[in-house]
Amino acid sequence: MTVGDLGEFGLIAAITAQLPRGGRTVVGVGDDAAVLATPDGRVVATMDLLVEARHFRRDWSAPADIGGKAAARNLADVAAMGATPVALLVGLAAPGDLPVAWAQDFVSGMAAECARTGATVVGGDVSSADAIMLAVTALGDLAGREPVTRVGARPGDLLAVAGVLGHAAAGLALLGAGLAQPAALVTAYRWPRPPYHAGPEAAALGATSMIDVSDGLVADVGHVAQASGVLIDIDTARLEPGDDLLAAAARLGASGPAGPAERSRPAERAESAGQGGGPARALVWMLTGGEDHALAATFPPGATLPARWQVIGRVTEGQGVSVNGRPFRGRPGWDHFI
């Protein structure tokens, strides 16, 4: 059975039958709009678009993976403000010949990722389109905390990250080469697992700024540097590619297919990182690969951080981002229009 066979309202009924109701939901799916309880009095809101063949491919990712990824990239933005994700609103446009089972599996993946944070899907819309397009809005609760924004990094602060770097970019490069190993990297591309709890944790620890690493570490830290009017230096000696990244770099080789963020002057980027050979490619993934949705934050000097936060650099006087004290040459991360 296809979504065209069910029709708009049949599809909505099939989707919503799978969705649990959240504890903060006053009015859920089925009315003109949802109503949520907001004890803090403020709502963190963000939204993101995913377009088939641009953000995902159905021959590379199962529908549950796509749903999980769509949820993760939005929920991570809420966490990056120091907030707890509460709810999602989801717009789904799809061809009429899309199997209903695909849509149901997509929603199951989205619901599973929401469950990792205690969030729920509270509404949305469906429409027809020539390709699958997703518009997801995430809402979050600050629980009395002040939001942690990109503005606030100060000279002397530490730069730290929580979560993995480079895994999704390596997984994408592997899939582009027709490879499926190391499997953990391919899985990381298909369905990232952001460290949601690290966001509110960073806020409680006094983080001065924070961002979701969605487009690449250098690119996203650059947004913080620009907003805060500082220079942030990344120390690659503190970025140690794991065995999977090194294995992927070795399998692909120096001349293998590049991921989107690698297609601009990779040799210069490797030089800037101070590395050579296979480890250089792994390091470029960590520096410029997006879609892992790690969190990068700055903390006051001398801050004692939990194990999940790894210090990888410092904030100084100046402007922009440097790597090992030198300007980073080449493309710093993903840009839709480059």
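**Asking how we know**

Colleague: Why is Ile 66 called buried?
Modeller: Ile 66 has a relative accessible area of 1%, and buried means under 20%. The value is under the cut-off, so Ile 66 counts as buried. Please keep in mind that this is a predicted model.

Colleague: Where is Ile 66, and which residues does Ile 66 touch?
Modeller: Ile 66 is in helix H2, which covers residues 63-79. Leaving out residues up to four places away in sequence, Ile 66 touches Phe 56, Arg 58, Ser 61, Trp 102, Phe 106 and Leu 134. For a sense of scale, the C-alpha atoms of Ile 66 and His 55 are 9.2 Å apart in space, with the two residues eleven places apart in sequence.

Colleague: What makes Ser 322 buried?
Modeller: Ser 322 has 6% relative accessibility. Buried means under 20%, so with its 6% Ser 322 belongs in that class. You can find Ser 322 in strand S12, residues 320-323.

Colleague: How do you know that a polar contact joins Ser 322 and Asp 233?
Modeller: The side chains of Ser 322 and Asp 233 come to 2.5 Å in this contact. A polar contact needs N or O atoms within 3.5 Å, one able to donate a hydrogen and the other to accept it. The pair at 2.5 Å counts as a polar contact. Asp 233 is also among the residues that Ser 322 touches, along with Leu 231, Ile 232, Ile 234 and Pro 327, not counting residues up to four places away in sequence.

Colleague: Let us turn to helix H1. How do you know that the end C-alpha atoms of H1 fall short of the span of a straight helix?
Modeller: H1 runs over residues 3-16, which is 14 residues. At 1.5 Å a residue a straight helix would reach 20 Å, but the end C-alpha atoms of H1 are only 14 Å apart. H1 also bends, by about 85° at Phe 9.

Colleague: Which residues of H1 are buried, and what do they pack against?
Modeller: The buried residues of H1 are Val 3, Leu 11, Ala 14 and Ile 15. They pack against strand S4 (84-94), helix H3 (100-115) and strand S5 (120-128).

Colleague: Why is Ala 13 called partly exposed?
Modeller: Ala 13, found in H1, has a relative accessible area of 43%. Buried is under 20% and exposed is over 50%; 43% lies in between, so Ala 13 is partly exposed.

Colleague: What is the volume of the second largest pocket, and which elements supply its lining?
Modeller: About 420 Å³ of space lies in the second largest pocket. It is lined by 24 residues, and the closest to its centre are Ile 12, Val 29, Gly 123, Gly 124 and Asp 125. H1, S4, H3 and S5 each supply at least two lining residues, with the largest share, six residues, coming from S5.

Colleague: What makes a space a cavity, and how many of 30 Å³ or more are counted?
Modeller: In a cavity a 1.4 Å probe fits but cannot get out. By this rule there is one cavity of 30 Å³ or more. The elements that give two or more residues to its lining are strand S8 (209-213), helix H7 (217-228) and strand S10 (294-299). S10 gives the most, with three residues.

Methods. Residues numbered from 1 in each chain as written. Predicted model: local features only at pLDDT ≥ 70, side-chain atom pairs only at ≥ 80, totals over all residues. Heavy atoms only, no water. Helix = DSSP H or I, 4+ residues; strand = E, 2+ residues; numbered from the N terminus. Expected span 1.5 Å × (residues − 1). Bend = angle between axes of the 7 residues up to and from the residue. Buried < 20%, exposed > 50% of the residue type's maximum accessible area, 1.4 Å probe, protein only. Contact = heavy atoms within 4.5 Å. 1 Å grid on protein atoms, 1.4 Å probe; cavity = no way out; pocket = protein on both sides within 12 Å on 5 of 7 lines; lining within 4 Å. Points joined across faces, edges and corners; volume = space filled by probe spheres on them.
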